[in-house]
Amino acid sequence: MDPFLTILSGLPTTIALSVLALAIGALVGLPLMLARRARILLIRVPARTAIDILRAVPPIVWLFIIFFGLAETGVQLSPFVAAVVGLGAISAGYLAEVYRGGLMAVDKGQWEAGQALGLPTRDTYRYVLAPQAWRAALPAAATYAIGLIKDTAIAYTIGVNEVLFEANHEAQLGTASPLAILAFAGLLYAILSVAVGVASRRLDRRLQLVVAR
Amino acid sequence: MEAAANVVVRLVDVTKRFGEHTVVDGVSAEVCKGEVLAIVGPSGAGKSTLLRCVNLLEQPDEGRITVGGHEVDASRPLARGELAALRRHAGMVFQAFNLFPHMTVLENISFAQTRVLDLSRDEADRRSGELLERVGLADKADVYPLRCSGGQQQRAAIARALALEPQVMLFDEPTSALDPELGLEVLTVMRQLANDGMTMIVVTHEMNFAKNVADEVAVMADAKLIERGSPREVLEQPTHPRTQAFLRAVLER
């Protein structure tokens with residue numbers, strides 16, 4: 001098989017890893033952010049600690065802990081699942097902060113207007129603050145997503161056969177010039193990253209147009 | 001004396017501190033149905049904070065607040081339901097309009113009706129249309145707020161507050177962010193509201209509005225309500241030296 005096709009065969013795994021980790025992060029990040037903003041100390045402090053730890057430990061160490069470390073306790077995840085869990089948890093920590101930044105960027109008067117109208121807090125968050133916070137958080141979320149795509153390459157170290165895994169394998173076999181092979185792998189990551197960047201800018205512009213129309 | 005049943009807003013010994021600083025110091029006041037009370041005074045006197053205490057956007061440290069027959073003891077923590085019940089009766093108009101930028105003008109006015117009054121979207125939109133007519137913005141229904149002038153935004157904000165049929169409208173320097181011309185269109189709408197019998201508390205630097213539209217003028221300085229009476233009494237024959245100094249400064253500008 002053509003070595004470049006083999007590398008390309010790792011692309012779906014890289015994409016799946018990115019999408020699943022981002023989806024987990026986006027979902028879990030929301031309650032994590034709410035807990036981080038809670039008035040009750042016993043909720044806020046653990047949430048803040050969790051966010052700090054998730055972000056403080058290098059992704060590669062997390063993946064090693066989850067894949068190799070947990071095995072010791074009898075929890076043996078497949079490489080792919082371990083990578084999704086690890087990168088998803090890290091994403092939750094980052095996205096919780098991205099969401100929080102988005103909320104803080106919304107003018108305080110928006111909350112007050114909701115309060116003054118007697119809107120239930122839930123409705124104020126959901127229909128007034130969230131749409132605006134999302135708009136403010138989008139650039140930071142996209143930047144994080146791009147970083148995440150590149151971080152999926154770390155999954156190679158626990159044996160997930162994604163793009164870098166296949167590229168390294170082909171390079172070691174010497175089926176083609178290692179330089180060409182690794183540059184090709186790099187190109188694939190670049191294409192994914194640029195695609196996310198372009199999509200984010202488009203979405204950003206569309207959201208802006210809606211408000212200014 | 002007005003009958004007690006006619007009192008829409010009653011403040012008793014309302015005090016608000018920010019840390020060491022007392023911003024509102026033991027203010028008591030009553031506003032009766034259909035009355036327009038203008039609160040004037042130097043910046044930093046606590047006028048806006050007092051107004052924000054009325055609908056509990058600021059929780060006072062002491063005092064009792066009654067709005068539309070709903071009374072709360074402001075010195076203790078208030079439940080969300082209690083807050084909502086009181087705010088239900090008070091409409092608020094902010095200096096910075098605070099319209100929801102991601103909703104059209106019509107949606108801004110309809111939204112709370114569907115959530116707070118439980119009206120259907122169609123019914124809410126119909127009522128919003130009437131309100132927009134009333135504030136002269138019928139042609140702006142489907143426009144987003146940021147595409148409107150400041151005066152139009154403020155009129156939309158007034159319509160949004162009116163949509164919940166409040167018993168009193170609170171205005172927090174509603175024209176301070178507007179140039180004179182746009183301010184005038186807002187003042188015209190407010191004057192119309194007053195003529196229609198709406199009970200209003202207006203924190204303002206617009207002395208002409210206070211003189212010509214308000215039934216009563218209250219002067220606030222250094223966290224206290226120092227003088228209160230008819231516009232003629234307060235603005236033309238002020239008794240308190242602090243009021244005299246303030247009015248001199250306003251007139252000399």
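**View 1. The two domains of chain B have C-alpha centres 25 Å apart.** Domain 1 covers 4-89 + 168-252 and domain 2 covers 99-165, with bounds that come from an automatic or database domain assignment. This is a predicted model, in which local features need pLDDT of at least 70 and side-chain atom pairs count only at pLDDT 80 or more, while totals for chains, interfaces and linings use all residues. Residues are numbered from 1 along each chain as its sequence is written, and chains are lettered from A and ligands numbered from 1 in the order in which they are written.

**View 2. Domain 1 and domain 2 of chain B each bring eight residues to their contact.** Two residues are in contact if their C-beta atoms, placed from the backbone, lie within 7 Å. On the domain 1 side, helix 6 (residues 180-195) of chain B gives the most, with four residues. Helices here are DSSP runs (H or I, at least four residues), numbered from the N terminus. The domain 1 side has seven nonpolar residues, one charged and no polar. Ala, Val, Leu, Ile, Met, Phe, Trp, Tyr, Cys and Pro count as nonpolar, Asp, Glu, Lys and Arg as charged, and the others, Gly among them, as polar.

**View 3. Helix 3 (residues 105-116) and helix 5 (residues 150-162) of chain B pack with their axes 8 Å apart, at an angle of about 20°.** Helix 3 of chain B is therefore roughly parallel to helix 5 of chain B (angles under 35 degrees count as roughly parallel). Axes are lines fitted to C-alpha atoms, for helices over the stretch in contact, and angles run from 0 to 180 degrees between N-to-C directions.

**View 4. B:Val105, B:Asn108 and B:Ile109 of helix 3 meet B:Ala156, B:Ala159 and B:Arg160 of helix 5.** By class, this contact has four nonpolar residues, one polar and one charged.

Notes. Helices (H or I, at least four residues) and strands (E, at least two) are DSSP runs, numbered from the N terminus. Angles under 35 degrees count as roughly parallel, over 145 as roughly antiparallel, 65 to 115 as roughly perpendicular and the rest as oblique.
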